[in-house]
Amino acid sequence: MVLVLPPLSHSFHHHHQPSITRRNAKRPINRCSSRFIFKPRSSLSLSAQTPRTETPSTSAYEFPLQLITNLCQSKNLADALILLQENSQDAIGSDTLSSLQRKEAMGVLLQACGQHKDIETGRKIHEMVATSNQFSNDFVLNARLITMYSMCGSALDSRSVFDNLKKKNLFQWNAMVSGYTRNELYEDALLMFVELVSNTGFKPDNFTLPCVIKACGGILDLSCGQAVHGMAVKMGLLGDVFVGNALVAMYGKCGFVNKAMDVFDFMPERNVVSWNSIICGVSENGIFRDGLELFREMMACEEGATPDAATLVTILPVCAGEGDAGMGTLVHGLAVKLGLNQELMVNNALTDMYLKCGYLSQAKILFARTDNKNVVSWNTMIGGLSTQGYNNEMFDLLRKMQMGGDELKANEITILNVLPACLEKSELLSLKELHGYSFRHGFEYEELVANALIAAYAKCGSLYSAEHVFNGIGKKAVSSWNALIGGHAQNGNPRKALDFYLQMANSGLRPDWFSLGSLLLACSHLKSLYHGKQIHGYLLRNGLEIDLFLAISLVSLYIHCGKSASAQILFDKMEDKSLVSWNAMIAGYLQNGLPDEALVLFRQMISYGIQPHEIAINSVFGACSQLSALQLGKEAHCYALKALLMEDVFVGCSIVDMYAKSGCIQQSQRVFDMLGEKDVASWNALILGYGIHGHGEEAVELYEKMQTFGYKPDAFTFIGILMACSHSGMVEEGLKYFDQMQNFHRLKPKLEHYACIVDMLGRAGRLNEALRLIKEMPEEPDAGIWSSLLSSCRTYGAVDMGKKVAEKLMNLEPNKAENYVLLSNLFAGSGKWDDVRRVRQKMKENGLQKDPGRSWIELGGKVYSFIVGDSLSPNLEEIRDMWRRLEEKIQKIGYKPHTDSVLHELGEEQKIEVLRGHTEKLAISLGLLRTAKGETLRVCKNLRICVDCHNAAKLISKAVEREIVIRDNKRFHHFKNGFCSCGDYW
């Protein structure tokens, strides 16, 4: 009897993840039946079907047959064949072997040829059978021939033997059906079965049906499997353990776990394969917890089936999928107890489990102790190292594998395990070596390998090579198009991703969920709302909007296109919101400058009982940074500590950044010092923090220190250090580091670096140098650079240069109100009111409106905002009264309204009244009303602080003996005892 074993693959389909509905109804039998080993009648069992006759007891007859059997067992098939030939005479002389012994010897040798895939020896025996008058039409030997060829992978030879038979019985039909199934020619197996049922009088038996059912599962043909299931019921074969096992495996393979469970529950006989089949069916569909529970039930049965190697190989991937290293360790102990730990496939599965559960050291020990490693052993270890990012170790292991002889050469699976590790340009040479190896060994045009090569080349920045591999594929499947479209969408050429999709559509192929996800990603990168809406419409028409992956991609699209409200509508429609969807929406609000909404959604997420992971908590810190919401940031910091998220380097970096941007640079330094693991981003966050606080010397000291610890500055490091020099007036130092960046660290400056230098020179009044630098830049300056220079022209009253700069700026951004405001302020500062009116009229004609001044302050975990001209703020009169009292106090110590800060054509008294309404003054007044004596006030402003408010804040800090921290759109100002940390240089 050939058992129909369940498949050992543990992948599951994206669209179909059923859950088990366990029946509570009374079952006809106990699941833990003691009759686990059931031996059915088999149409291929020689002992059951072939009549036995007494053979002579003389050693002359017994010795050759036994010797042939021994030689087969020791894999000496050639010697066994010679002995058979020497002791076989068909027509002349007296037989040394009786005819029955010759037949049995041929059968034994054919079985051994099949087991060892020795097709050449098998062909010689085939010739002996075919030329023998006695055996040429023997049912059993011809069935053995068919089976031998199928076991050697030659289904054509099996079919040739079958077609040349003059007479056939059920033996040969079953052998053919089994052979096709064994070689995964499932459609041929089903056609053979249909021919058997339709054109012969033979009745399928308990050997036929398991093979046919397995073929149905192989092509995922549920309706065909159900038809065979019905036939088994009518024929009374449903109680056969092998038929039942095959049905369980088939339903599991097709994704119908409940049906598999129904068959399993009502099986009158079960063996270990039954348990293996149901556990495998459950785990293949991603229901790992139920797979573990079934394994526990199997072990708890009083007279349960003893787990075999297949059981352990089935349950260990379930442990890996669930991340249950504890259960995996118990299974390891069970393997040792049962003596199965010497089985290679068990060792391989254990290694895989430890790797996927993150226990790399245990996996390495197990791998090192495995003596008889095969390709699977090496592939498992290489794949684990690749997944966990240990690329150097992975490539070293690959080289060692290649030194292990021809039997251990890398195969397609090896290549597929290694290619995902090729993620950067630095890996391009290794990738080309892998490509060359694949080409030499004929793997290159295997669909999976070709797709992986395309994806790897795209990630390494070689989109041309990715296209070259794609063009070499003969018949391009959707998956190959997906690899190319996804590669371009993810790696810098989204426009071409759309072009390739159109080519795919023109070729007659329909997109799948992966194609559509890649298209949405491309539209997100392009910020192409038009094309994105077209794809959204396609999803609606085809009922695909409910797919969670595509729904999240749609949310991301609308977020990238600045349509947060549309993204929220889609998010609200999701019935089963995953952690990823919450993360996408919270991060989206943050990206679109809506930190308040991000925090509201985060609180909602917590209220639903969803525990945030690193991504969500990083978004919260980002929102707190934007709002300078220190109290909320502290609460989030406490949550990260309790949730043990501080070990994540990104979380630590976000907290450093949050404290710095909330005005607590000392706390930022303390968090940085306590980080267990630092990376360049952590150093960059603190350097930038010192920069926006105007602590240039501290930033420079930190920059030098990071290098002594072995960290190499990157482009972001220099943005921080140049900004620090700019805000501190350290112009010469800034120019030195800019030169060092290019000539020592070999980093090419980007526009952001040039913007820092222009800002630094402009703040110092070195406008001509700034303009010269802009003209000498290797690339065209962007609007940000021209805007920075125009702002400096306003500060130093350089009207003529400002006009020329403004002209450049308007050409780049003709519809941005802020640019017109800068030009208007330039003219207003020089008293050119006609020009001011002209600029403002132009704004009006273009339908542009400046952003109103806004300040906010966090008090008791709540953020209070003030907008210029808003007379509806609660407690406004109380706040204004507080300011009048403050004004009286500071006037006594030298405050005089700086009316030049009012860039409107008004009288002096009117200008003073306007100054009283500046939002930072109202925020300070509220802070003094609502906080205890001595408490630091922290105010944020969306615009640059004016001279009058700056002077007032200095004097208020002295009059009320408080520290006041104001963050404007450029930097932090710390006011204390009548002085500002900026030294009046801003």
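**Notes on the predicted model**

1. Leaving aside its neighbours within four places in sequence, Ala584 is in contact (heavy atoms within 4.5 Å) with Ile552 and Ile559. Ala584 belongs to helix H32, residues 579-591, where helices (H or I, at least four residues) and strands (E, at least two) are DSSP runs, numbered from the N terminus. Between the C-alpha atoms of Ala584 and Trp173, which are 411 residues apart along the chain, the separation is 58 Å.

2. On the basis of these remarks: the model is predicted, local features need pLDDT of at least 70, side-chain atom pairs count only at pLDDT 80 or more, and totals for chains, interfaces and linings use all residues. Residues are numbered from 1 along each chain as its sequence is written, and side-chain values use heavy atoms, with hydrogens and water left out.

3. Helix H33 (residues 595-607) has 13 residues, which at 1.5 Å a residue should span 18 Å, and its end C-alpha atoms are 19 Å apart, which agrees; the expected span is taken as 1.5 Å times one less than the number of residues. Pro595, Ala598, Leu599, Leu601, Phe602 and Met605 of H33 are buried, where buried means under 20% relative accessible area, exposed over 50%, and partly exposed in between (1.4 Å probe, protein chains only). Seen down the axis of H33, these buried residues fall within an arc of 165°, so they line one face of the helix; the arc is that of the directions from the helix axis to the C-beta atoms.

4. The buried residues of H33 pack against helix H31 (564-573), H32, helix H34 (614-627) and helix H35 (630-642). The face of H33 turned away from its buried side carries the exposed residues Val600 and Ser607, and just after the helix Gly609 takes a positive phi of about 80°.

5. An open sheet of 6 strands has the order S2-S1-S3-S4-S5-S6, with mixed pairing; two strands pair if DSSP finds at least two bridges between them. Strand S2 (862-867) and strand S6 (979-980) stand at the edges, each with a single partner strand, so one side of each is left without a neighbour in the sheet.

6. Strand S1 (residues 854-859) is joined to S3 by 3 bridges and runs antiparallel to it, with Ile857 partnered by Val939 and Ser855 by Lys941.

7. S3 is also joined by 4 bridges to strand S4 (residues 964-967), and these two run parallel, with Cys940 opposite Arg967. From S3 the chain crosses through helix H51 (residues 947-959) to S4 in a right-handed β-α-β crossover, meaning that, with the strands pointing away from the viewer, the path from the first strand over the helix to the second runs clockwise.

8. Both faces of S4 are covered, with Ile964 and Ile966 on one side and Val965 and Arg967 on the other all buried. S4 and strand S5 (residues 972-976) run antiparallel and are joined by 4 bridges, forming a hairpin with 4 residues between them, in which Ile966 stands opposite His973.
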